Amino acid sequence: MAGMPHQYVITFGCPDRSGIVAAISTFLAEAGGLIVEAAYHTDPDTRWFFTRQVVTAESLPFDVHELRDRFDAVARSISPESEWRVADTGERRRVVILVSKDGHCLYDLLGRVAAGELDVDVSAVVGNHAPLGDITRAHGIPFHHVPFPKGDPEGKAAAFAEIAGIVDFHDPHAVVLARFMQILPADLCQAWAGRALNIHHSFLPSFIGARPYHQAHARGVKLVGATCHYVTADLDAGPIIEQDVTRVAHGDSVSDIVRKGRDIEKVTLARGLRWHLENRVLVHGNRTVVF
């Protein structure tokens with residue numbers, strides 16, 4: 001992120017055992033690395049160890065490519081099952097946003113980017129409907145309209161292939177489904193695994209299908225919420241990044257609940273995206289640790 005010191009972020013996971021922290025810290029210390037942030041957690045159910053460590057780039061005598069090469073040997077020596085990544089905060093983060101008709105999440109993200117609160121490059125916005133093109137172009141961002149023909153499986157497959165081409169051209173760090181009302185095919189879920197983020201209301205599975213807020217109103221709910229999660233082939237069942245809720249009063253109308261729900265969706269998605277781009281989310285199976 002702009003304005004922040006140049007740092008390398010190391011995220012690491014493996015089966016827990018003694019000596020993991022010592023091995024990583026010794027490696028960094030011997031290279032002269034200055035650790036400015038460190039967090040650790042072991043899942044008591046899976047016995048999987050997680051850590052996120054931040055090192056100042058200027059403290060190391062080599063660049064991020066050599067750091068990755070050297071850390072690979074350390075990771076393999078700790079465990080052949082280790083999962084790790086080294087991210088460079090000096091690399092500009094790129095995002096592609098997918099939308100349909102509802103614009104509240106898109107408006108919020110574009111506003112945060114314009115204000116400098118979310119310091120990323122939105123490389124493109126892709127919509128299967130055209131109306132959100134004007135607000136996108138007003139922010140100086142390319143908008144791609146890719147319609148999905150109804151009742152035409154081949155046409156739908158072609159539309160997804162076109163979207164995949166746009167996304168892959170930009171090679172983004174995150175693909176954000178900002179109320180994109182199409183189900184990603186399994187091959188794209190796999191291709192974008194760990195990068196595709198979705199936002200949805202938290203009424204699932206109690207209020208499945210259309211008009212969830214109307215269903216919630218009819219049931220007299222007292223809380224509404226939203227969930228930001230990674231996209232997998234299992235619909236709305238990917239690893240959860242962030243969730244939030246707000247109170248609903250007995251006198252709230254459907255419109256009030258929709259408004260409150262959209263407010264929570266916007267904030268929850270923005271938080272989840274920020275944490276993802278800051279490499280704070282570590283995934284193991286269907287569980288996440290957010291440092």
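**Sheet, helices and aromatic pairs in a predicted model**

Asp-119 sits in the loop that connects helix 3 to strand 6, where helices (H or I, at least four residues) and strands (E, at least two) are DSSP runs numbered from the N terminus. The model is a predicted one, in which local features need pLDDT of at least 70 and side-chain atom pairs count only at pLDDT 80 or more, while totals for chains, interfaces and linings use all residues. Residues are numbered from 1 along each chain as its sequence is written, and side-chain values use heavy atoms, with hydrogens and water left out.

With a relative accessibility of 18%, Asp-119 counts as buried; buried means under 20% relative accessible area, exposed over 50%, and partly exposed in between (1.4 Å probe, protein chains only).

**Sheet, helices and aromatic pairs in a predicted model**

Asp-119 sits in the loop that connects helix 3 to strand 6; helices (H or I, at least four residues) and strands (E, at least two) are DSSP runs, numbered from the N terminus. The model is predicted: local features need pLDDT of at least 70 and side-chain atom pairs count only at pLDDT 80 or more, while totals for chains, interfaces and linings use all residues. Residues are numbered from 1 along each chain as its sequence is written, and side-chain values use heavy atoms, with hydrogens and water left out.

At a relative accessibility of 18%, Asp-119 counts as buried (under 20% relative accessible area; exposed is over 50% and partly exposed in between, with a 1.4 Å probe and protein chains only).

Seven strands form an open sheet in the order 7-6-5-8-9-10-11, with mixed pairing, two strands being paired if DSSP finds at least two bridges between them. At its edges are strand 7 and strand 11 (240-247), each of which pairs on one side only. Neighbouring strands of this sheet are turned against each other by 20 degrees on average, direction ignored. Axes here are lines fitted to C-alpha atoms, for helices over the stretch in contact, and angles run from 0 to 180 degrees between N-to-C directions. Helix 3 (residues 104-114) lies across strand 5 (94-99), strand 6 (121-127), strand 8 and strand 9, and runs at about 155 degrees to strand 5.

Ile-97 belongs to strand 5 and is buried, with a relative accessible area of 1%. Leaving out residues up to four places away in sequence, Ile-97 touches Leu-106, Leu-109, Val-122, Ala-124, Val-125, Val-126, Val-176 and Ala-178, contact meaning heavy atoms within 4.5 Å. The C-alpha atoms of Ile-97 and Asp-171 are separated by 12 Å, although these residues are 74 residues apart along the chain.

Further along the sheet, strand 9 (residues 196-201) and strand 10 (residues 223-230) pair in the antiparallel sense over five bridges. Asn-198 lies in strand 9, and its bridge partner in strand 10 is His-229. Asn-198 counts as buried at 10% relative accessibility, and a polar contact of 3.4 Å joins its side chain to that of Asp-236. Beyond its neighbours within four places in sequence, Asn-198 is in contact with residues including Leu-177, Thr-227 and Val-231.

A hairpin is formed by strand 12 and strand 13, with two residues between the strands, and in it Gly-285 takes a positive phi near 65 degrees. Strand 12 (residues 281-284) and strand 13 (residues 287-290) pair in the antiparallel sense over four bridges, with Leu-282 opposite Val-289 in strand 13.

What about helix 2? A side-chain oxygen of Asp-63 reaches to within 3.2 Å of the backbone nitrogen of His-65 at the start of this helix. The 15 residues of helix 2 should span 21 Å at 1.5 Å a residue, and its end C-alpha atoms are 20 Å apart, which agrees; the expected span is 1.5 Å times one less than the number of residues. Val-64, Leu-67, Phe-71, Val-74, Ala-75 and Ile-78 are the buried residues of helix 2, and they pack against strand 1, helix 1 (20-30) and strand 4 (83-88).

The structure holds six aromatic pairs. The ring centres of Phe-12 and Phe-71 are 6.0 Å apart and their planes stand at 90 degrees, so the pair is edge-to-face. Rings of Phe, Tyr and Trp (its six-membered ring) pair if their centres lie within 6.5 Å; planes under 30 degrees apart count as stacked, over 60 as edge-to-face and the rest as tilted. This pair links distant parts of the chain, with Phe-12 in strand 1 (residues 7-15) and Phe-71 in helix 2 (residues 64-78), 59 residues apart. Phe-12 counts as buried at 0% relative accessibility, and Phe-71 is buried with a relative accessible area of 0%. Another edge-to-face pair is that of Phe-148 and Phe-180, 6.3 Å centre to centre with 70 degrees between the planes. Both Phe-148 and Phe-180 are buried. Finally, ring pairs link Phe-12, Phe-27, Phe-71 and Trp-84 into a cluster.

Definitions and conventions
A polar contact is a pair of N or O atoms within 3.5 Å; within protein, one must be able to donate a hydrogen and the other to accept it, and residues adjacent in sequence count only if both atoms are side-chain atoms.
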